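Here is a short tour of some local features in this model. Keep the sequence and the 3D view open as you read.

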Amino acid sequence: MRAQATARAKSLFGLIALLASLLGPVYAQGAATAPARPAPASTQAHAILVAEIPLRADTDHRYAESVMERIAGTDPTDSLAPRLESISRSVDEKLQQFQPAQLRTLPIMRLESLERHWMFDARRFADWQEDMRQATAAYASDAAELARRREAWQALKIAPGAADLPPALTGRIDSVIAQLTRAEQALSVPLGRQIELGQRANSVEERIQAGQRAVAGAISYIDARLLELDAPPLWAATFTPTARSDAMAYLRTGLDMELRFARQYAAADTGNQLALHVLQVVLLPLLLWLAWHSRHAIRAGEMSATAARVLGRPLSAWLLLAMMGVQLLESDAPLIVLQIALLLAVVPVLRLLPPTARDQLDLWPYAITGLYLAERLGIFFLASETLYRLHNLVITLLALATALWLHARAKRRGTLQASGRLHQAVRIGAWAAVALLTVAGFANLVGNLSMAEMLTSAVISSGYFGLMLYAGVTIIVTLLQLMLARPGVSRFRIAREHAPPLVQLLIRLVMASAVVGWTLYTMDRFRILRGSYAFTTKVLSYTLALGDITLSLGNILVFAISVLIAFWAARAIRLVLHDEVLARMPLPRGVGNSIASLTYYSVLLLGLAVALSAAGVRTSQLALVLGALGVGIGFGLQNVVNNFVSGLILMFERPIQPGDVVEIGETSGQVREIGMRATRIRTFEGADVVVPNGTLLSEKLTNWTMLDRNRRIEINVGLAYGTDPAQAIELLGSVARGTLGVSTQPAPIALFMGFGASTLDFSIRAWTPDFDQWMSIRSDMLSRMYEALTQAGIQIPYPQTDLHLRSISPEAGAVLAQAHRSAPDGGPPPT
């Protein structure tokens with residue numbers, strides 16, 4: 001019996017080892033994710049104490065029963081096998097239809113479609129592998145755990161002194177071993193099926209990789225021969241008639257494969273497809289709602305011509321945006337799907353071009369659209385190389401003649417030298433198209449059919465794609481402007497204060513995205529995207545090693561982009577929190593600003609950590625940087641750290657907040673921004689002063705508006721001797737009380753302060769709740785006081801000084817005497 005158990009154990013471990021070897025790559029890919037059941041910490045058999053036998057026996061017995069119950073349930077291979085069979089049929093179909101040598105004779109369009117199909121099969125197989133890993137991980141874990149527990153009981157049975165155990169315990173040990181053995185035997189059946197399925201999966205994966213290599217090699221071969229003659233000159237070409245049935249069979253075969261691919265792609269129901277469907281469902285009612293609510297404004301001519309055109313044709317706008325969504329979100333879709341999307345966008349593109357663009361573009365949109373439709377008809381001539389070549393030549397010459405005619409038409413109309421970016425882009429594009437089409441026509445004549453086909457198709461397709469993007473961007477920009485201008489949006493503070501720059505930022509982002517998309521599409525059509533991508537990948541993957549630290553250009557670029565995204569995300573979050581979320585909450589003074597600022601720096605730190613992780617920086621490499629940073633802090637960054645910690649204290653204690661009027665040293669002004677290192681103060685003269693946070697905590701800080709915005713106004717005035725103090729106090733007090741902006745509580749007060757050298761000194765003290773206008777209120781009070789004193793006949797004397805002359809020179813005495821004699825009526829002499 002022991003020998004049989006040992007043999008079964010070896011057999012089971014052999015199955016587990018084979019399963020691990022077959023599914024090892026799958027398990028390795030999913031090592032970062034949590035398995036369905038945690039693997040045991042150790043597969044080593046641990047000794048079982050005699051006192052633990054009853055409890056351990058019950059536990060292991062229940063575990064074996066639970067394993068057998070799971071095995072009796074649904075086998076995951078029942079659902080995985082049909083999926084693998086579907087992938088295998090798709091792979092075998094392409095391998096049988098297209099031999100490696102035949103691939104080099106196919107048109108580039110068919111090769112690109114075939115490449116997409118192989119990529120789709122590879123993604124489906126990767127998803128299947130992940131599902132296989134998750135479904136079978138529990139079986140391998142159960143097998144290892146059963147073997148470990150059985151070995152522990154067998155070790156106890158053969159241990160010294162096992163013969164002296166009571167018969168009841170011995171029988172219990174045998175019962176547990178038998179139960180574990182039955183569970184292992186039951187588990188070996190699904191494990192065997194999983195191993196068989198894994199072997200078939202390995203074969204499918206090899207065939208997928210072989211197919212991808214063959215197609216990639218054929219495309220590279222065709223790209224490398226773009227500068228070589230691949231056909232006889234057109235005047236020496238012989239026309240080989242193709243039977244109609246053969247041509248139709250060729251077209252039907254390609255169409256059937258594309259349709260099967262499209263059905264498989266639609267059935268995959270990926271996340272991108274779900275996002276596209278949501279976009280399409282949301283856009284249609286949104287456009288119809290905007291069109292309905294704007295109908296009166298459109299009829300009254302209150303909207304711009306562009307907005308009126310977009311909202312007046314909501315179905316066309318929806319169709320164009322939906323087809324652009326197909327190009328963006330389903331860029332890996334079958335070529336037939338993308339081509340149909342481009343064809344469906346033809347009418348909306350022509351209907352939704354802005355009126356100003358129509359005047360500037362003249363007949364170019366209609367010419368480009370017509371040429372694109374005519375060029376697409378070339379698919380019906382693929383069965384005959386000669387007919388396809390003639391069709392390409394006709395399209396090339398027609399496009400060249402159209403470009404020259406439109407250029408001459410613009411010259412006659414006087415719009416050739418018109419200014420504007422659109423005019424310049426059209427002129428440059430037209431001349432570039434003329435040059436490329438000339439080369440394409442010459443290449444077709446001399447026998448370079450690949451070059452001719454590529455240039456003609458690329459010029460026309462890129463022109464039409466750019467036209468579609470231009471119309472789509474117009475719709476998106478119009479919708480953004482209309483949405484942000486809605487009355488319901490204006491109730492948000494962020495929309496009221498930041499709408500213009502926000503709209504401009506969104507417009508720039510949309511236009512930049514459109515330019516990047518058009519550039520990538522054009523590069524792909526001109527067959528330079530693949531080579532550029534390979535070269536860029538090689539450059540970015542260049543690694544520079546500095547000791548234990550390895551850097552690459554790609555990692556640096558990823559780090560820079562991640563930090564930039566984190567910076568913009570932090571700013572956006574702080575803006576939303578400060579202006580919309582926290583401003584609506586009943587928070588204590590300064591708490592909202594502190595939360596927004598701390599959130600800003602937290603998002604920045606989190607973004608920095610993500611950027612470092614995305615750049616491939618390991619913890620061991622980061623430790624060296626942190627060590628160097630610690631040395632820098634110890635020697636030269638004490639002030640920076642001090643200001644940083646002071647910034648944290650300012651945010652938690654909140655002695656100041658943005659908007660407070662403060663005085664620090666010789667600087668006084670309004671706090672504009674509290675950062676982690678420094679605080680920005682706007683002086684009353686208009687200068688921005690950056691004050692380190694450490695200075696705000698270490699020096700005397702005066703906050704005029706910490707608890708409220710009250711300000712005391714104090715005015716000192718001197719009145720002439722002989723003035724009745726009671727009358728002056730009543731007069732000055734009434735003037736202060738009657739001044740607009742002066743608080744009634746505490747009430748203004750006038751005080752008699754003392755006897756001056758030339759005046760009776762009074763002081764008027766009043767409070768105002770409007771700190772920002774206290775200077776204007778003080779000025780108004782002074783004007784009213786002067787007017788009241790004048791009307792009451794109370795003088796504000798000049799300073800007077802009596803001069804007693806003890807001696808005087810004869811010349812000065814003569815001058816004074818002469819001045820006295822010349823004074824009229826004996827009055828004082830003139831001065």
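## A loop residue with positive phi

Asp362 sits in the loop between α14 (355-361) and α15; helices (H or I, at least four residues) and strands (E, at least two) are DSSP runs, numbered from the N terminus. The phi of Asp362 is near 60°, a positive value in a residue other than glycine. Most residues other than glycine have a negative phi, and most peptide bonds are trans.

This is a predicted model, in which local features need pLDDT of at least 70 and side-chain atom pairs count only at pLDDT 80 or more, while totals for chains, interfaces and linings use all residues. Residues are numbered from 1 along each chain as its sequence is written, and side-chain values use heavy atoms, with hydrogens and water left out.

## A cis peptide bond

Gln745 and Pro746 are joined by a cis peptide bond, with omega about -5°. Look for Pro746 in the loop between α26 (725-738) and β9 (749-755).

## Where α12 meets α15

Helix α12 (residues 335-344) and helix α15 (residues 364-376) have axes that come within 11 Å and cross at roughly 145°. Those axes are lines fitted to C-alpha atoms, for helices over the stretch in contact, and angles run from 0 to 180 degrees between N-to-C directions.

Which residues in α12 meet α15? They are Gln339, Leu342 and Leu343, and their partners in α15 are Tyr372, Leu373 and Arg376, where contact means heavy atoms within 4.5 Å.

## Salt bridges

The model has 28 salt bridges, each a side-chain nitrogen of Lys or Arg within 4 Å of a carboxyl oxygen of Asp or Glu. One of them pairs Arg149 with Asp60, the closest N and O atoms being 2.9 Å apart. This pair links distant parts of the chain: Arg149 is in helix α5 (residues 108-157) and Asp60 in helix α2 (residues 53-72), 89 residues apart.
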